[in-house]
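Open the model in your viewer and keep the selection tool at hand. This tour goes stop by stop.

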Amino acid sequence: MDDIMEAERFDTELEKILAGRPVAGDVSPELAADLAFAARLAALDYSGESRMKYPAKLKILAKAEENRLRSLLRRVGVRPLVLAAASLALILAPFFMSWIASDRFEQGALSLFAPRPAAGMFHGNGGYMFGSGGSPYENGSNGIAQGGAIGGAGDIITPLNPRDPSALSYLGSAGIKKAKTGEPKYGDALRGSASRAASAPEPQSAPLDREGYAFTEENPFQKVVDHPLSTFSIDVDAASYSNTRRILNESRMPPADAVRIEEFINYFHYDYPEPQGEHPFSITTELAACPWNAKHKLVRVGLKGKSIATKDLPPNNLVFLIDSSGSMLSAERLPLIKKGLRLLVEQLRKEDHISIVAYAGSAGLVLPATSGAKKEEILAALDRLEAGGSTAGGAGIQLAYMVAGENFIPKGNNRVILATDGDFNVGVTSDGELTRLIEEKREHGVFLTVLGVGRDNVQDHTMEQLADKGNGNYAYLDDIAEAQKVLVKEMGGTLVAIAKDVKIQVEFNPAKAQAYKLIGYENRMLAAEDFNNDKKDAGELGAGHTVTALYEIVPAGAEDESLPPVDELKYQAPRPAAGAVGGTELLTVKFRYKKPDGKKSMLISRPLADENRDWSLASADFKFAASAAGFGMMLRASKTRGDLGYDKVRTMAREGLGKDEDGYRAEMIRLIAKAELLDKAPEPSK
Amino acid sequence: MPTDMSDKPTAEFTEFYASWFDRVYNYARGRTGSAVRADEIAADTFERAFRSWGKFDAKRGDRRTWLFTIAFRSVADHYRAEKPGVWTSLELTAEPPDAARGPAKEAEAADEKRLLTLALDTLEDEAREVVSLRFFSGMTNRAIGELLGLSESNVAVILFRSIRKLRKNFSALEA
């Protein structure tokens, strides 16, 4: 009974605390301690954490209300009035919201409640959202950009990111060499990012060329006796092609390292047969004389992942991680991403779930997991995104992976889709930590897709690396048509993996081939022993996706100047003589892959018989693939291109045009012509 | 709070939303321990509230009780939808720093908040519901009792015992 009486006494005093009045002085010490604790609890205020405090939800509600009114009044026939009322409501809503966000509200002018307990520890400042502010670079000064904070009380001061190109150009015009970063007084979180920003690598000295491409050395010809095995990971990306297209369309020659030939080849769809039987992909091989070197042969190896009809696709748990930093402002960046994602949202089914995380200055959840049935909600959240602030990519990635993990769908397609110009300030994590995070999440079944946008500062290398580590793919969106291709037409393949860690190893028969060269895939090469090592990561294959690799082969016995002579080895046992094993086989292709959720790899092996086949007999797809490779070799000014010229590349492309329903192949023919003109034109004087 | 909502319901609702959002959010946040869920529940609550705006009957209780009855149901629905999955907190990004208060105090406050939240995690579902409703929504014991099907004094006892337990757990966490 004492308990109940004490509880009643407690309740009486608690009532006072909640109403902000002083408690009685005659309570027992024990009860006083309870009440003191209760006061602390009552002062607890989480509302500053909310990311939806001033949401688009209200706009949706207003819209719903407008529609309701519209239909109601249409029946009565009072149209003009409806429109006036509806638009008034819509116009007033944002005003009202900004008023809510103002200090007046924070001071409780609107509050219906008794004053809160005077514990003084609750958070007075408002929601921590971005996207409300305009570009910080238009009105920022002294190297400090104002982040887009709503909520009045505490405007967020964001240090400029020295790696943010728009920040750089702003500073550049002021004649400052090094970005000035925020001072520690902005608190722990920002102090951290500021010092990290300060220790970030200096921007490259040439201000106009900020595109970052990793140096790649073309694969050399390898002698079969020394290197009988050629091992590489598949690459289904095609970003290099669309990026190159964008550069050519700006009437510039692409830097050689922007051209990854395998991505040129794989940009196009080839008509490989659907897989039959136990394996999730089909294998196609083809051999013909090499079109740019009559003494050589060209081999095509093609894979096609099993197609899955949209309705049979596993449910998607997609987390859009959208870079909304200041550098994303221009039309070909954030607005393009938004348009592209709108197209994707239209494809979603009710079992699919979308979340949106944005990052600029700080990371935030813009849209919690929402069913594909609620398209309007998703689209409204996308609309809300605006560029502003600097990039904290690392925090964004962490948040995105957390959201993906929280909404994990077993057997579903769980994926983070990162859309960025790649100018990453990795924020809370170093590059290494970021990579480890992505690798770790990959093991837990959350994959990563990277959508690159923008020009001048495409950090191509960073983005490809990230996608690579996350078992994902990397696409470059240069215009809305490309967004349509990647996000709508190839959604199945881009988003649903049917096999992962797909590796290819080719063993050449020294009796038939003396040397070979893998065209492209330079940064996908693996050591021979990696092939059987299931711990070694490799590319993933999406539903319906095709992957093609081309080998240029120097047949045994051919005199060839492309092979630098090496003295005969003195201590090695003589190699087996021609024809000892393998008979007429030129090579054997071996594939290893894992099921998307598998740990152990499976092996498929396919021999290819040698023959002499004229190039004119090659299939249209083979011709087109060769022309895409040849185009890349021209742009890279490959040393091993033989007698290849733009003419020949164009001829092969024309012969390989096929049906070309979408016009992608015809477009390449146009680009070849453009590149030829640019290549011949004299360099502009510097 | 005006009672005649018929002529410009959107503006009325906007005002209502602005006045009550923090309370609903705090309730959901305290109740579920997850910022993400709290946002979902708060949004869901107001959406439902908007839909049934006209159904509110002043004779049967005040707006507060009406709103938190909706919030309570929203929490229940979220639990129903989610179980047996375990809710994990998604507090990833630090609170925006408050320049006026300075980092040290900021960190201290954040720490107290974190520990209080951790302590809340130690409560049983029913106790946590009672504490969340009482402290964050400001509902009376009677209204809480009606909502949960408990007597008024029952609510008071649960509340008292929970606070004592919380205080002890909190001290243990602080130590």
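Below are the stops, each with something to select.

This is a predicted model, where local features need pLDDT of at least 70, side-chain atom pairs count only at pLDDT 80 or more, and totals for chains, interfaces and linings use all residues. Residues are numbered from 1 along each chain as its sequence is written, and chains are lettered from A and ligands numbered from 1 in the order in which they are written.

**Stop one: chain B**

Select chain B. It has seven helices and zero strands. Helices (H or I, at least four residues) and strands (E, at least two) are DSSP runs, numbered from the N terminus. Along the sequence, the pattern of chain B reads α-α-α-α-α-α-α. Of the 175 residues in chain B, 43% are buried (20 or more other C-beta atoms within 10 Å of the residue's own, with C-beta atoms placed from the backbone).

**Stop two: H5 and H7 of chain B**

Select residues 125–137 of chain B for helix H5, then residues 152–174 for helix H7. The two pack at an angle of about 95°, with axes 9 Å apart. Axes are lines fitted to C-alpha atoms over the stretch in contact, and angles run from 0 to 180 degrees between N-to-C directions. H5(B) is therefore roughly perpendicular to H7(B) (65 to 115 degrees).

**Stop three: helix H11 of chain A**

Move to residues 334–346 of chain A, the 13 residues of helix H11. Its buried residues include A:Leu336, A:Ile337 and A:Lys338. A:Gly340 and A:Leu341 are also among them.

Technical notes. Expected span 1.5 Å × (residues − 1). Buried ≥ 20, exposed ≤ 12 C-beta atoms within 10 Å, placed from the backbone. Parallel < 35°, antiparallel > 145°, perpendicular 65-115°, else oblique.
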